[in-house]
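Subject: Handover of a structure

Dear colleague,

Please find below the structure that I am handing over to you. My notes on it follow directly after.

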Amino acid sequence: MNQLTNYHSHSQFCDGHAPMEEFVKEAVAEGFVAYGISSHAPFPVPNQCNMLRERLPEYLAEFHRIKELYGSAIELYVGLEIDFLDDSFNPSIPYFKELPLDYRIGSVHYIVTPDGTPIDTDGSPDRFRGYVDTYFGGDVDEAVRRFYRSSFRLVELGGFDFLGHLDKIGLNASLYRPGLDREAWYRRLVADYLEAIASQHLLVEVNTKAFATRGRFFPGEDYFEQMHRLGIGVVVNSDAHYPAKINAGRPEALKALARAGYTTVWQFHRNEWIETPLEL
Ligand SMILES: [Zn+2]
Ligand SMILES: [Zn+2]
């Protein structure tokens, strides 16, 4: 039995649907060995998902209260899922580097449109469709290219421990135009991105959040073999917004990784990333 871990989860400090403590209680009940809390970091554009900057001290204090209570039963860590917006706001800026966190996730949710408006790319498919029509005149390919331009820059600038849900825009983009994520240009873009990631020796998350509902991981299983060939280490996370989903999709992801040749996954233990044997 592979050790149960998850380092990507949201609570009521951002867009999660339960208090932080409920996720930790569930992790203890399910026999997790390590658990990480990673709210959406404060963001310069007001929205419903990101934590407000003024709540960060309370976020950290609540984590430490919970760690006192449960820390003998489970390894607990506090991080943030930090957005890339542009060169002035991303995980590499001093504000994030100076926060007392155990780890950081680097993710792209927002892209900047030609008129300078930041729009989120992984909300509901209908909202994404509306954005593409309004800001890109229906040119979904351009929205996707901007997503990857930001992604490449995120990787260049660094400032995080692992990359969150790469290839996520493939879901909404392929709901906009069915099959888009299987088109050669899209696959080339992801393949090039994986090469950039490998050259920086970065860890990549295999995000299992949508596996039950959409039957796909982020990145998609089709890319696992290339990732393995490139020597990219993976962290399997559920990106849980509900306590009941902290382990959702993990067994399936581990099987898919094993099929692609992976024999190890990366886990955070005693404040270090450790390459751990993948056992099904
Ligand atoms: Zn995310
Ligand atoms: Zn997340």
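This is a predicted model: local features need pLDDT of at least 70, side-chain atom pairs count only at pLDDT 80 or more; totals for chains, interfaces and linings use all residues.

Residues are numbered from 1 along each chain as its sequence is written, chains are lettered from A and ligands numbered from 1 in the order in which they are written, and side-chain values use heavy atoms, with hydrogens and water left out.

Helices (H or I, at least four residues) and strands (E, at least two) are DSSP runs, numbered from the N terminus. Two strands are said to pair if DSSP finds at least two bridges between them. An open sheet is formed by seven strands with parallel pairing, in the order β1-β2-β3-β4-β7-β8-β9. Its edge strands, β1 (5-6) and β9 (234-237), each pair on one side only. Within the sheet, five bridges link β3 in the parallel sense to β4 (residues 103-107), and L80 stands opposite R104 of β4.

Turning to helix α1 (residues 20-29), its residues M20, E21, F23, V24 and A27 are buried (under 20% relative accessible area; exposed is over 50%, and partly exposed in between, with a 1.4 Å probe and protein chains only). These residues lie on the same side of α1, because they cover an arc of only 160 degrees around the axis, taken from the directions from the helix axis to the C-beta atoms. Their cover includes β2 (34-40), α2 (56-70) and β3 (75-83). Just after α1, G31 has a positive phi of about 80 degrees.

Strands β10 (residues 264-269) and β11 (residues 272-277) run antiparallel and are joined by six bridges. T264 has P277 in β11 as its bridge partner. Two residues lie between the strands of this hairpin, in which R270 takes a positive phi near 45 degrees.

Which protein donors does the zinc ion (ligand 1) have? They are E81 (OE), H109 (NE2) and H165 (NE2), at 2.1 to 2.2 Å from the ion; donors are N, O and S atoms within 2.8 Å of the metal (3.2 Å for Na, K and Ca), and sites may look incomplete because water is not among the atoms. E81 also bridges the zinc ion (ligand 1) and the zinc ion (ligand 2), which lie 3.3 Å apart. Since E81 lies in strand β3 and H165 in the loop between β7 (162-163) and α6 (169-176), the pair ties together parts that are 84 residues apart in sequence. E81 is buried, at a relative accessible area of 0%, and H165 is buried at 1%.

With kind regards

Technical notes: Contact means heavy atoms within 4.5 Å.
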